[in-house]
Amino acid sequence: MRMGSFTSTPKILNEDRADSDLDIREKVTREELMLKCKEELSHLPLQIKRSFHYLQGLPAPEESTVDGVKPRDPESIRIMQWNVLSQSLGEKNDNFVACPKEALYWKSRRWRMLEEILTYEADILCFQEVDHFNFLKKTLEAIDFAGTFFPKPDSPCYYIKGNNGPDGCAIFYDTNKFDLLKTEIRILEICSCQSNQVMILCIFRRKSDGQEFCVATTHLKARQGVLLSSVRNEQGKDLLEFIRLHHDQRPVIITGDFNAEPSEPVYSTLTTCAELKLDSAYAYLSNQHAEPPYTTWKIREEGEVCHTLDYIFFSKDTMELQSLLVFPCGEDIGEDRVPSYRYSSDHFSLVCDFRFK
(Lines give C-alpha, C1' and ligand atoms only; values in the text may rest on other atoms or scores of the structure.)
Protein backbone atom coordinates (compact mmCIF):
# COMPACT_ATOMS: atom_id res chain seq x y z
CA MET A 1 0.00 0.00 0.00
CA ARG A 2 1.08 3.59 -0.61
CA MET A 3 -0.12 6.78 1.03
CA GLY A 4 -1.83 8.74 -1.74
CA SER A 5 -1.39 12.33 -2.83
CA PHE A 6 -3.46 14.97 -1.05
CA THR A 7 -4.12 16.99 -4.21
CA SER A 8 -6.41 16.61 -7.19
CA THR A 9 -4.04 18.67 -9.37
CA PRO A 10 -2.88 16.67 -12.39
CA LYS A 11 0.75 15.62 -12.55
CA ILE A 12 3.11 17.23 -15.06
CA LEU A 13 5.59 14.48 -15.93
CA ASN A 14 8.61 16.37 -17.27
CA GLU A 15 12.12 14.98 -17.71
CA ASP A 16 15.45 16.27 -16.38
CA ARG A 17 16.53 18.30 -19.43
CA ALA A 18 17.17 21.80 -18.11
CA ASP A 19 20.96 21.45 -18.32
CA SER A 20 21.32 20.32 -21.92
CA ASP A 21 23.21 23.58 -22.53
CA LEU A 22 26.00 22.55 -20.14
CA ASP A 23 29.43 22.89 -21.75
CA ILE A 24 31.83 20.85 -19.61
CA ARG A 25 34.64 18.62 -20.87
CA GLU A 26 34.36 14.93 -20.02
CA LYS A 27 37.31 15.19 -17.62
CA VAL A 28 38.50 18.32 -15.83
CA THR A 29 40.41 19.05 -12.65
CA ARG A 30 38.63 20.27 -9.54
CA GLU A 31 40.48 23.57 -9.95
CA GLU A 32 39.25 23.99 -13.53
CA LEU A 33 35.68 23.29 -12.48
CA MET A 34 35.91 25.77 -9.62
CA LEU A 35 37.28 28.38 -12.05
CA LYS A 36 34.22 27.77 -14.24
CA CYS A 37 32.01 28.46 -11.22
CA LYS A 38 33.86 31.70 -10.46
CA GLU A 39 33.48 32.85 -14.07
CA GLU A 40 29.75 32.12 -14.13
CA LEU A 41 29.28 33.93 -10.79
CA SER A 42 31.55 36.89 -11.46
CA HIS A 43 28.57 39.31 -11.56
CA LEU A 44 27.39 38.24 -8.09
CA PRO A 45 28.71 38.82 -4.54
CA LEU A 46 31.19 36.29 -3.18
CA GLN A 47 29.91 33.14 -1.47
CA ILE A 48 29.47 33.07 2.31
CA LYS A 49 32.78 32.09 3.91
CA ARG A 50 32.88 29.37 6.58
CA SER A 51 35.58 27.68 8.64
CA PHE A 52 36.21 24.31 10.28
CA HIS A 53 36.10 23.50 13.98
CA TYR A 54 38.72 20.86 14.85
CA LEU A 55 38.25 18.25 17.58
CA GLN A 56 40.66 15.32 17.17
CA GLY A 57 44.21 14.88 15.90
CA LEU A 58 44.52 18.53 14.99
CA PRO A 59 47.30 19.96 12.89
CA ALA A 60 49.05 22.87 14.56
CA PRO A 61 47.64 26.34 13.75
CA GLU A 62 50.86 27.32 11.96
CA GLU A 63 50.14 24.55 9.45
CA SER A 64 47.05 26.40 8.22
CA THR A 65 46.80 26.73 4.46
CA VAL A 66 44.87 29.11 2.22
CA ASP A 67 41.72 30.57 3.86
CA GLY A 68 42.73 29.10 7.22
CA VAL A 69 41.84 25.53 6.24
CA LYS A 70 44.21 23.10 7.91
CA PRO A 71 45.59 20.03 6.09
CA ARG A 72 43.32 17.00 6.34
CA ASP A 73 44.28 13.78 8.04
CA PRO A 74 45.04 11.42 5.10
CA GLU A 75 43.10 8.68 6.91
CA SER A 76 39.96 10.79 7.30
CA ILE A 77 36.72 10.56 5.34
CA ARG A 78 34.92 13.83 4.65
CA ILE A 79 31.11 13.71 4.41
CA MET A 80 28.86 16.49 3.10
CA GLN A 81 25.15 16.55 3.96
CA TRP A 82 23.02 19.14 2.14
CA ASN A 83 19.44 19.84 1.23
CA VAL A 84 20.31 21.67 -1.98
CA LEU A 85 16.77 23.14 -2.47
CA SER A 86 14.67 21.90 -5.33
CA GLN A 87 14.64 24.44 -8.13
CA SER A 88 10.93 24.00 -8.82
CA LEU A 89 9.97 24.30 -5.15
CA GLY A 90 12.37 27.14 -4.41
CA GLU A 91 11.34 29.25 -7.38
CA LYS A 92 7.61 28.62 -7.46
CA ASN A 93 6.42 27.15 -4.18
CA ASP A 94 8.51 28.01 -1.11
CA ASN A 95 7.71 31.74 -1.01
CA PHE A 96 11.07 33.18 0.05
CA VAL A 97 9.81 36.75 0.33
CA ALA A 98 13.21 38.34 1.09
CA CYS A 99 15.13 36.51 -1.66
CA PRO A 100 15.61 38.39 -4.95
CA LYS A 101 14.01 36.48 -7.81
CA GLU A 102 17.26 36.66 -9.76
CA ALA A 103 19.05 34.73 -6.98
CA LEU A 104 16.79 31.77 -7.76
CA TYR A 105 17.41 31.73 -11.52
CA TRP A 106 18.71 28.25 -12.24
CA LYS A 107 21.29 29.25 -14.87
CA SER A 108 23.32 31.07 -12.20
CA ARG A 109 22.12 29.28 -9.04
CA ARG A 110 23.45 25.95 -10.30
CA TRP A 111 27.00 27.34 -10.27
CA ARG A 112 26.62 28.73 -6.76
CA MET A 113 25.45 25.28 -5.65
CA LEU A 114 28.39 23.57 -7.35
CA GLU A 115 30.80 26.11 -5.85
CA GLU A 116 29.63 25.13 -2.34
CA ILE A 117 30.14 21.46 -3.15
CA LEU A 118 33.63 21.96 -4.56
CA THR A 119 34.82 24.36 -1.87
CA TYR A 120 34.87 21.80 0.95
CA GLU A 121 36.30 18.86 -1.03
CA ALA A 122 34.15 16.16 0.55
CA ASP A 123 34.71 12.51 -0.41
CA ILE A 124 31.06 11.49 -0.13
CA LEU A 125 28.14 13.80 -0.90
CA CYS A 126 24.59 13.24 0.42
CA PHE A 127 21.88 15.46 -1.03
CA GLN A 128 18.13 16.01 -0.71
CA GLU A 129 15.64 17.92 -2.89
CA VAL A 130 17.68 17.09 -5.98
CA ASP A 131 15.63 17.86 -9.10
CA HIS A 132 18.58 18.53 -11.43
CA PHE A 133 20.45 15.27 -11.00
CA ASN A 134 21.86 15.40 -14.53
CA PHE A 135 23.65 18.68 -13.76
CA LEU A 136 25.29 17.17 -10.70
CA LYS A 137 26.03 13.94 -12.53
CA LYS A 138 27.74 15.63 -15.46
CA THR A 139 29.80 18.10 -13.45
CA LEU A 140 30.83 15.68 -10.71
CA GLU A 141 31.60 12.81 -13.07
CA ALA A 142 34.09 15.15 -14.70
CA ILE A 143 36.13 15.07 -11.45
CA ASP A 144 35.77 11.28 -11.00
CA PHE A 145 32.68 11.13 -8.80
CA ALA A 146 29.85 8.68 -9.40
CA GLY A 147 26.33 8.96 -8.03
CA THR A 148 22.89 7.46 -7.64
CA PHE A 149 19.50 9.16 -7.44
CA PHE A 150 16.17 7.99 -6.03
CA PRO A 151 13.13 10.26 -6.53
CA LYS A 152 10.11 10.62 -4.29
CA PRO A 153 7.28 8.52 -5.76
CA ASP A 154 4.86 11.45 -5.65
CA SER A 155 7.23 14.41 -5.65
CA PRO A 156 5.57 17.80 -5.16
CA CYS A 157 7.59 18.99 -8.16
CA TYR A 158 5.26 16.95 -10.39
CA TYR A 159 2.50 19.47 -9.67
CA ILE A 160 4.49 22.58 -10.60
CA LYS A 161 4.33 23.91 -14.14
CA GLY A 162 7.73 23.89 -15.84
CA ASN A 163 9.22 21.36 -13.43
CA ASN A 164 12.42 19.49 -14.28
CA GLY A 165 11.17 16.13 -13.05
CA PRO A 166 10.75 14.85 -9.48
CA ASP A 167 12.96 15.73 -6.54
CA GLY A 168 14.66 13.09 -4.44
CA CYS A 169 17.82 11.99 -2.64
CA ALA A 170 21.26 11.42 -4.15
CA ILE A 171 24.63 10.08 -3.00
CA PHE A 172 27.90 10.77 -4.85
CA TYR A 173 31.35 9.39 -4.01
CA ASP A 174 34.97 9.81 -5.11
CA THR A 175 35.76 6.80 -7.30
CA ASN A 176 39.49 7.32 -6.79
CA LYS A 177 39.10 6.62 -3.07
CA PHE A 178 36.21 4.17 -2.79
CA ASP A 179 34.62 1.14 -4.40
CA LEU A 180 30.84 0.93 -4.27
CA LEU A 181 29.94 -2.58 -3.09
CA LYS A 182 26.17 -2.18 -3.24
CA THR A 183 23.33 0.32 -3.30
CA GLU A 184 19.91 -0.22 -1.73
CA ILE A 185 16.90 2.10 -2.06
CA ARG A 186 13.68 2.22 -0.08
CA ILE A 187 10.42 4.10 0.07
CA LEU A 188 9.98 4.60 3.81
CA GLU A 189 6.95 2.95 5.36
CA ILE A 190 4.53 3.86 8.12
CA CYS A 191 2.56 0.90 9.50
CA SER A 192 3.36 -1.15 6.36
CA CYS A 193 2.11 1.67 4.13
CA GLN A 194 4.57 3.38 1.78
CA SER A 195 5.01 7.10 2.36
CA ASN A 196 6.29 9.72 -0.06
CA GLN A 197 9.75 9.85 1.55
CA VAL A 198 12.74 7.81 0.42
CA MET A 199 16.23 6.74 1.45
CA ILE A 200 19.41 5.55 -0.25
CA LEU A 201 21.91 3.21 1.40
CA CYS A 202 25.40 2.57 0.01
CA ILE A 203 28.12 0.18 1.17
CA PHE A 204 31.62 1.45 0.35
CA ARG A 205 35.09 -0.07 0.55
CA ARG A 206 38.04 2.32 0.92
CA LYS A 207 40.69 1.47 -1.65
CA SER A 208 43.65 2.41 0.54
CA ASP A 209 43.00 -0.18 3.27
CA GLY A 210 39.87 -2.17 2.43
CA GLN A 211 37.84 -0.60 5.25
CA GLU A 212 34.11 -1.02 4.59
CA PHE A 213 31.35 1.25 5.87
CA CYS A 214 27.71 2.13 5.29
CA VAL A 215 26.29 5.55 4.30
CA ALA A 216 22.57 6.29 4.21
CA THR A 217 20.68 9.47 3.44
CA THR A 218 17.03 10.48 3.66
CA HIS A 219 14.55 13.37 3.68
CA LEU A 220 11.69 12.89 6.14
CA LYS A 221 8.17 14.31 6.01
CA ALA A 222 7.96 18.11 6.34
CA ARG A 223 5.61 20.39 8.32
CA GLN A 224 5.04 20.86 12.03
CA GLY A 225 2.50 19.26 14.34
CA VAL A 226 2.12 16.31 16.69
CA LEU A 227 0.77 13.99 14.00
CA LEU A 228 3.58 14.75 11.57
CA SER A 229 6.14 14.41 14.35
CA SER A 230 4.79 10.87 14.88
CA VAL A 231 4.97 10.22 11.14
CA ARG A 232 8.65 11.21 11.11
CA ASN A 233 9.34 8.97 14.08
CA GLU A 234 7.79 5.99 12.30
CA GLN A 235 9.83 6.81 9.19
CA GLY A 236 12.96 6.96 11.35
CA LYS A 237 12.20 3.51 12.79
CA ASP A 238 11.74 2.12 9.29
CA LEU A 239 15.03 3.70 8.19
CA LEU A 240 16.87 2.09 11.12
CA GLU A 241 15.34 -1.30 10.43
CA PHE A 242 16.43 -1.11 6.80
CA ILE A 243 19.97 -0.21 7.86
CA ARG A 244 20.01 -3.13 10.31
CA LEU A 245 19.23 -5.47 7.41
CA HIS A 246 22.14 -4.25 5.30
CA HIS A 247 25.00 -2.78 7.33
CA ASP A 248 26.33 -6.20 8.47
CA GLN A 249 28.22 -4.79 11.48
CA ARG A 250 29.98 -2.14 9.39
CA PRO A 251 30.38 1.42 10.72
CA VAL A 252 27.35 3.54 9.80
CA ILE A 253 26.87 7.18 8.79
CA ILE A 254 23.31 8.50 8.41
CA THR A 255 22.69 11.94 6.97
CA GLY A 256 19.59 13.83 6.02
CA ASP A 257 17.07 16.57 6.33
CA PHE A 258 14.93 15.02 9.05
CA ASN A 259 12.57 18.01 9.23
CA ALA A 260 12.71 17.54 13.01
CA GLU A 261 14.14 19.59 15.85
CA PRO A 262 16.29 17.68 18.40
CA SER A 263 13.31 17.67 20.78
CA GLU A 264 11.27 15.45 18.43
CA PRO A 265 10.98 11.70 19.05
CA VAL A 266 12.78 10.72 15.83
CA TYR A 267 16.01 12.31 17.11
CA SER A 268 16.07 10.16 20.25
CA THR A 269 14.94 7.14 18.22
CA LEU A 270 18.17 7.40 16.24
CA THR A 271 20.51 8.36 19.06
CA THR A 272 19.26 5.62 21.41
CA CYS A 273 19.39 2.78 18.86
CA ALA A 274 21.16 0.03 20.85
CA GLU A 275 22.49 -1.85 17.84
CA LEU A 276 23.93 1.05 15.83
CA LYS A 277 25.06 3.23 18.80
CA LEU A 278 24.72 6.49 16.91
CA ASP A 279 25.79 9.97 17.92
CA SER A 280 25.10 13.31 16.24
CA ALA A 281 28.22 14.93 14.84
CA TYR A 282 27.09 18.54 15.11
CA ALA A 283 26.28 18.19 18.81
CA TYR A 284 30.07 18.33 19.23
CA LEU A 285 30.12 22.00 18.22
CA SER A 286 28.87 22.72 21.73
CA ASN A 287 30.60 22.01 25.04
CA GLN A 288 27.18 20.95 26.32
CA HIS A 289 26.82 18.36 23.54
CA ALA A 290 23.83 20.26 22.13
CA GLU A 291 22.79 20.74 18.53
CA PRO A 292 23.45 24.09 16.81
CA PRO A 293 20.66 26.71 16.95
CA TYR A 294 19.92 26.40 13.23
CA THR A 295 20.68 24.53 10.04
CA THR A 296 18.10 26.48 8.01
CA TRP A 297 17.30 30.18 8.23
CA LYS A 298 14.88 31.83 5.81
CA ILE A 299 12.17 34.46 5.62
CA ARG A 300 8.66 33.60 4.48
CA GLU A 301 5.39 35.55 4.65
CA GLU A 302 4.84 34.43 8.24
CA GLY A 303 8.27 35.79 9.22
CA GLU A 304 11.71 34.36 9.93
CA VAL A 305 11.95 30.58 9.99
CA CYS A 306 15.00 29.35 11.90
CA HIS A 307 15.27 25.64 12.74
CA THR A 308 17.68 22.76 13.31
CA LEU A 309 16.52 20.03 10.93
CA ASP A 310 19.64 18.53 9.31
CA TYR A 311 21.99 15.99 10.88
CA ILE A 312 24.93 13.66 10.39
CA PHE A 313 24.76 10.64 12.70
CA PHE A 314 27.67 8.21 13.04
CA SER A 315 28.66 4.98 14.81
CA LYS A 316 30.42 6.34 17.88
CA ASP A 317 32.00 2.98 18.84
CA THR A 318 33.80 2.55 15.52
CA MET A 319 34.26 6.10 14.21
CA GLU A 320 35.92 9.20 15.59
CA LEU A 321 34.80 12.72 14.69
CA GLN A 322 37.69 15.03 13.80
CA SER A 323 36.24 18.29 12.50
CA LEU A 324 33.04 20.07 11.46
CA LEU A 325 32.23 22.95 9.16
CA VAL A 326 30.87 25.81 11.28
CA PHE A 327 27.61 27.53 10.37
CA PRO A 328 27.82 31.20 9.39
CA CYS A 329 26.56 33.74 11.93
CA GLY A 330 23.54 35.94 11.30
CA GLU A 331 25.71 38.90 10.32
CA ASP A 332 27.57 36.86 7.70
CA ILE A 333 24.33 35.37 6.37
CA GLY A 334 22.78 38.81 5.91
CA GLU A 335 19.46 40.28 7.02
CA ASP A 336 17.54 38.67 4.13
CA ARG A 337 18.81 35.22 5.23
CA VAL A 338 18.95 32.41 2.65
CA PRO A 339 18.63 31.59 -0.17
CA SER A 340 20.37 34.69 -1.51
CA TYR A 341 22.86 35.83 -4.11
CA ARG A 342 25.59 34.47 -1.81
CA TYR A 343 24.04 31.11 -0.94
CA SER A 344 21.97 28.85 -3.16
CA SER A 345 19.80 26.96 -0.64
CA ASP A 346 17.64 27.65 2.39
CA HIS A 347 19.56 24.91 4.26
CA PHE A 348 23.26 25.10 5.10
CA SER A 349 25.57 22.25 4.22
CA LEU A 350 26.98 20.07 7.01
CA VAL A 351 30.54 18.81 6.50
CA CYS A 352 32.42 16.44 8.84
CA ASP A 353 35.72 14.59 8.90
CA PHE A 354 35.75 11.09 10.42
CA ARG A 355 38.36 8.44 10.94
CA PHE A 356 37.90 4.81 11.90
CA LYS A 357 38.95 3.78 15.40
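**Domain, cores, cavities**

I started with the record: an unreviewed UniProt entry places the feature "domain: Endonuclease/exonuclease/phosphatase" at residues 80–347. The model I am reading is predicted. I then checked the make-up of residues 80–347, and the chain there is 23% helix and 34% strand. The end C-alpha atoms of this stretch are 13 Å apart.

Next I looked up the cores. In soluble globular proteins, nonpolar side chains tend to be buried together. Here the largest nonpolar core has 71 residues. Ile124, Phe127 and Phe354 have the most contacts inside it. Helix H3 gives the largest share of this core, 6 residues. I also found a second, separate core of 23 residues, with Phe242, Val266, Leu276 and Leu278 among them.

I followed up Phe354. Leaving aside neighbours within four places in sequence, I listed its contacts, including Glu75, Ile77, Ile79, Ile253, Ala281, Ile312, Phe314 and Leu321.

I counted 2 cavities of 30 Å³ or more. I picked the second largest cavity, which holds about 40 Å³ of space. Its lining includes Val84, Leu85, Trp106, Arg109, Met113, Glu129, Asp131 and His132. Helix H3 (106–119) and strand S3 (124–130) are the elements that give two or more residues to this lining. The largest share comes from H3, with 3 residues. What is the lining of the second largest cavity by class? I noted 6 nonpolar, 3 polar and 3 charged residues.

Notes: Residues numbered from 1 in each chain as written. Predicted model: local features only at pLDDT ≥ 70, side-chain atom pairs only at ≥ 80, totals over all residues. Heavy atoms only, no water. 1 Å grid on protein atoms, 1.4 Å probe; cavity = no way out; pocket = protein on both sides within 12 Å on 5 of 7 lines; lining within 4 Å. Points joined across faces, edges and corners; volume = space filled by probe spheres on them. Helix = DSSP H or I, 4+ residues; strand = E, 2+ residues; numbered from the N terminus. Nonpolar A, V, L, I, M, F, W, Y, C, P; charged D, E, K, R; others polar. UniProt positions renumbered as here; feature names shortened; annotations may be inferred. Core = buried A, V, L, I, M, F, W, Y, C linked by side-chain atoms within 4.5 Å. Buried < 20%, exposed > 50% of the residue type's maximum accessible area, 1.4 Å probe, protein only. Contact = heavy atoms within 4.5 Å.
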